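User: Please go through the labels used for this model and say what each one rests on. I would like the cut-offs next to the values.

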Amino acid sequence: MKEKRPRWVIPKEWIGETAVIIGGGPTLRKEDIAYAKGKGWRRIVCNDSYLLDPEAEVLVWGDRRWYEWNRHNLTLHQGSYKIAWQDVEKTEGYRFHILRHADQRPELRQWLQDVSRFDEGTKELKRAIQQALQYPDNLLTEDPGKIAGTNTGQGAINVAYHFGVKRIVLLGFDMRATKVDGKWRLQWHDFHRRGTEISRYKEIFAPSIRIQAEILRSKGIEIVNCTSKSELRGIPIVSLESLL
């Protein structure tokens, strides 16, 4: 009988370090990536952002469609790890790891939508946040062979947590459409063959990361957003150059 191979788990190789999560927002700049690289910070690229930083230590994705669109180009990524959380067909030429994925509970989804609806400082918002915090394992898993993520950015943050970082820096997390060269964009590129409804950024993606950040802070992990004018609420927006 063939022995079952042990499942892969994320190693704690970055204990106490800073990790930069490079999203796909329209304001993402190569100069910011170069700055993070020059600082020696660890870097995790989400989806197509590996094209701007092929040497980033980690490439992550959580969408089967994206993988099928790009599977034959991923040899361009030269980093140590390619990590996904969807079962997909293997491709010759490189190796990647598949993590298990925490289910999104319907009641949590409702509370996340409430978080997106209420104004800052209101009792209603505080109540929605407290309700969402009742589902920590669906927002930030402790199992290093598993992640939680309604979107690739959120999953990437969970990956950084598993690597053992002390600080997480977000780049390209606009969570909104921005006009670039006369055209409204949700990403810095036009590579996706199928777009994402903008309402998902506001009602699901952004509040999921906001509550995830609350959990991280309770564990003594700093998280900041270096995406100016981001619609991601609840996480301090700071300049990249202000970080030591």
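Analyst: What follows takes the labels one at a time, with values and definitions side by side.

Analyst: This is a predicted model, in which local features need pLDDT of at least 70 and side-chain atom pairs count only at pLDDT 80 or more, while totals for chains, interfaces and linings use all residues. Residues are numbered from 1 along each chain as its sequence is written, and side-chain values use heavy atoms, with hydrogens and water left out.

User: Why are α5 and α6 called roughly parallel?

Analyst: The axes of α5 (residues 152-163) and α6 cross at roughly 15 degrees and come within 10 Å. Angles under 35 degrees count as roughly parallel, over 145 as roughly antiparallel, 65 to 115 as roughly perpendicular and the rest as oblique. The pair α5 and α6 is therefore roughly parallel. The axes are lines fitted to C-alpha atoms, for helices over the stretch in contact, and angles run from 0 to 180 degrees between N-to-C directions. Helices (H or I, at least four residues) and strands (E, at least two) are DSSP runs, numbered from the N terminus.

User: What is the handedness of the crossing of α5 and α6?

Analyst: α5 passes α6 in a left-handed crossing. That word applies if the near helix is turned anticlockwise from the far one by less than a right angle; clockwise would be right-handed.

User: What makes D114 and R117 a salt bridge?

Analyst: The closest N and O atoms of D114 and R117 are 2.7 Å apart. A salt bridge is a side-chain nitrogen of Lys or Arg within 4 Å of a carboxyl oxygen of Asp or Glu, so the pair D114 and R117 qualifies. Both residues lie in helix α3, 3 residues apart, about one turn of the helix. By this rule the count comes to 16 salt bridges.

User: Why is D114 called buried and R117 exposed?

Analyst: Buried means under 20% relative accessible area, exposed over 50%, and partly exposed in between (1.4 Å probe, protein chains only). D114 has 8% and is therefore buried, whereas R117 has 54% and is therefore exposed.

User: Which salt bridges involve E120?

Analyst: E120 meets R210 in a salt bridge at 2.7 Å, N to O. This pair links distant parts of the chain, with E120 in the loop between α3 and α4 (123-132) and R210 in helix α6, 90 residues apart. R233 also forms a salt bridge with E120, the closest N and O atoms being 3.0 Å apart. Here too distant parts of the chain are linked: R233 is in the segment after β11 (222-225), and the separation from E120 is 113 residues.

User: What makes L51, L76 and F191 a patch?

Analyst: L51, L76 and F191 form a nonpolar patch on the surface, with about 280 Å² of accessible area together. Patches are made of residues with over 30% relative accessible area and no salt bridge, with like charges joined within 9 Å and nonpolar side chains (Val, Leu, Ile, Met, Phe, Trp, Tyr) within 5 Å. F191 has a relative accessible area of 45%, so it is partly exposed. F191 lies in the loop between β10 (183-185) and α6 (198-218). Accessible areas come from the Shrake-Rupley method with a 1.4 Å probe; for residues, only the protein chains shown count as cover.

User: Why are N47 and M175 called buried?

Analyst: N47 has a relative accessible area of 16%, so it is buried. M175 has 14%, so M175 is buried as well. N47 is found in the loop between β2 (42-46) and β3 (58-61), and M175 in the loop between β8 (167-171) and β9 (178-180).

User: What is the phi of N47 and of M175?

Analyst: N47 has a positive phi of about 50 degrees, although it is not a glycine. M175 has a positive phi of about 60 degrees and is not a glycine either.

User: Why is W111 called buried, and where is W111 placed?

Analyst: W111 has a relative accessible area of 17%, so it is buried. W111 is in helix α3 (residues 106-117).
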